[in-house]
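Hello,

Here is the structure I promised to pass on to you. Have a look at it first, and then read my notes below.

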Amino acid sequence: MEGAGSFGAGRAGGAFDPVAFVKQPQTILRILSWIFAIVVFGSIVNEGYINSGSERLHCIFNKNNDACNYGIAIGVIAFLASIFFLALDIYFPQISSVKDRKKAVLVEMGFSGFWTFLWFVGFCFLANQWQRTSPKELPLNQGADAARAAIAFSFFSIITWAALTVRAVQKYLLGTDMTLFTTDHLDGNPTIQPYPTGSGMETTETYQSPPFTENLQTSPKGYQVPAY
């Protein structure tokens, strides 16, 4: 993970480097997710509905309008979410509060994981409905390329959003190391430095006495020193 600060970003107030930001794997994944979302909902909106012998338009996915609506919905929301999180990535290093950074990472982690699941459901749903679509329902193979593109890029979106989820989890785990910040980042109070254990001051009073010293005058009476 890049960065030496909390939750994978540098310390607040650092200068923004556009070149380094674009080269980050997370930025590349967001741009790819943004492009894939455009392809999915754009293909369905432009060529996902056909008029087969009636004035009413039908979804090319087995005439199931729910399939088209689902693909458009998750694609549009993924498109907007990619822009939002891309802007958040730019602003993220300027967030000085550790709590706010944690909230942003949790939102990103939850949304990315949830949208990975929705893309997986969308891929399975569209592929299943396309498999059930009869060639007779698509005169001159109308809309086939758009359907295949929507299915393919739904699968690619699973990969990119899953990778973004992993990146968010890594940032969250990196942010749990609170030793990167002093306490004034948490509660606004200055850090209290403890007194050193060794101050270098010595007391004038000593409590040592010479060992094994005896005063013959204070020796008990009657004690005779043995002569050898």
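**Cysteines, core and one glutamine**

Cys 59 and Cys 68 are both buried. Please keep in mind that this is a predicted model. These two cysteines are joined by a disulfide, with an S to S distance of 1.8 Å. In general, a disulfide is a covalent bond between the sulfur atoms of two cysteines. The link of Cys 59 and Cys 68 is right-handed, with 80° about the S-S bond. A search of the whole structure finds 1 disulfide.

Cys 124 is another cysteine to look at. Cys 124 counts as partly exposed because its relative accessibility is 35%, which falls between the cut-offs of 20% and 50%.

Next, the nonpolar core. The largest one has 35 residues, and Ile 44, Phe 61, Trp 115, Trp 119, Trp 130 and Trp 161 are those with the most contacts inside it. Helices α2 (25-47), α3 (65-91), α4 (98-131) and α5 (144-175) each supply at least two residues of this core. The largest share, 9 residues, comes from α3.

What does Ile 44 touch, leaving aside its neighbours within four places in sequence? Its contacts are Tyr 49, Phe 61, Cys 68, Gly 71, Ile 72 and Ala 150, and Cys 68 is one of the disulfide partners.

Finally, find Gln 129 in helix α4. Is Gln 129 buried or exposed? Gln 129 counts as buried, because its relative accessibility is 7% and the cut-off for buried is under 20%. Beyond its neighbours within four places in sequence, Gln 129 is in contact with Phe 61, Asn 62, Asn 64 and Ala 67.

Enjoy exploring!

Conventions: Residues are numbered from 1 along each chain as its sequence is written. This is a predicted model: local features need pLDDT of at least 70, side-chain atom pairs count only at pLDDT 80 or more; totals for chains, interfaces and linings use all residues. Side-chain values use heavy atoms; hydrogens and water are left out. A disulfide is a pair of cysteine sulfur atoms within 2.5 Å. Buried means under 20% relative accessible area, exposed over 50%, partly exposed in between (1.4 Å probe, protein chains only). A nonpolar core is a set of buried Ala, Val, Leu, Ile, Met, Phe, Trp, Tyr and Cys residues joined through side-chain atoms within 4.5 Å. Helices (H or I, at least four residues) and strands (E, at least two) are DSSP runs, numbered from the N terminus. Contact means heavy atoms within 4.5 Å.
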